Amino acid sequence: QLQFVESGGGLVQPGGSLRLSCAASGFTLDNYAIGWFRQAPGKEHEGVSCINSRVGITYYADSVKGRFTISKDDAKNTVYLQMNSLKPEDTAVYYCAAAHCWARDTSKKGDGWGQGTQVTVSS
């Protein structure tokens, strides 16, 4: 069974930074494309970023491009999302999951979501 545990969220002021971590288990991370998704209150899940290193693809939503960076450490089986210059509209629960990772979009594989990690950007 694939398992993902998100961590690193918190409360930050606008312009601040956070680094989210996604610890994966049950599989070898380098065999999968992994995406970060978020859900703001009253909104649907949206794709934020994904990485598919096997074919050299990374994707960023227009709203986060230039501010967020996705990376991974295969030795630790962990994917990261470095978030800089945070804005109030980034406030959401952030999730990681196995993903379809395309040049212009990303979508989650399978059904259901994990616990996620809360990011709140407020002054």
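Me: Which strand gives the most to the lining of the largest pocket?
Reply: Good place to begin, and keep in mind that this is a predicted model. Two strands, strand 1 (3–7) and strand 9 (92–101), each supply at least two residues of that lining. With three residues, the one that gives the most is strand 9.

Me: What is the volume of the largest pocket, and which residues are the closest to its centre?
Reply: The volume of the largest pocket is about 230 Å³. Its lining has 13 residues, and the closest to the centre are Leu2, Phe4, Lys108, Asp111 and Gly112.

Me: How many residues of the lining of the largest pocket are charged?
Reply: Let's sort the lining by class. Six residues are nonpolar and three are polar. The charged ones number four.

Me: Why does serine 17 count as partly exposed?
Reply: Serine 17 sits in the loop between strand 2 (10–12) and strand 3 (18–25). Buried would mean under 20% relative accessible area, and exposed would mean over 50%. Serine 17 counts as partly exposed because its relative accessibility is 40%.

Me: How far apart in space are serine 17 and leucine 86, C-alpha to C-alpha?
Reply: In sequence, 69 residues separate the two. Even so, serine 17 touches Leu86, along with Val12, Gln82, Met83, Asn84 and Ser85, leaving aside residues up to four places away in sequence. From C-alpha to C-alpha, serine 17 and leucine 86 are 6.2 Å apart.

Me: Which residue's side chain has a polar contact with the side chain of serine 17?
Reply: Among the residues that serine 17 touches are Gln82 and Asn84. The polar contact spans 2.9 Å, and the partner of serine 17 is asparagine 84.

Definitions and conventions: Residues are numbered from 1 along each chain as its sequence is written. This is a predicted model: local features need pLDDT of at least 70, side-chain atom pairs count only at pLDDT 80 or more; totals for chains, interfaces and linings use all residues. Side-chain values use heavy atoms; hydrogens and water are left out. On a 1 Å grid over the protein atoms alone, a cavity is a set of points where a 1.4 Å probe fits but cannot get out, and a pocket is an open set with protein on both sides within 12 Å along at least five of seven lines; lining residues have an atom within 4 Å of a point. Grid points are joined across faces, edges and corners, and a volume is the space filled by probe spheres set on the points. Helices (H or I, at least four residues) and strands (E, at least two) are DSSP runs, numbered from the N terminus. Ala, Val, Leu, Ile, Met, Phe, Trp, Tyr, Cys and Pro count as nonpolar, Asp, Glu, Lys and Arg as charged, and the others, Gly among them, as polar. Buried means under 20% relative accessible area, exposed over 50%, partly exposed in between (1.4 Å probe, protein chains only). Contact means heavy atoms within 4.5 Å. A polar contact is a pair of N or O atoms within 3.5 Å; within protein, one must be able to donate a hydrogen and the other to accept it, and residues adjacent in sequence count only if both atoms are side-chain atoms.
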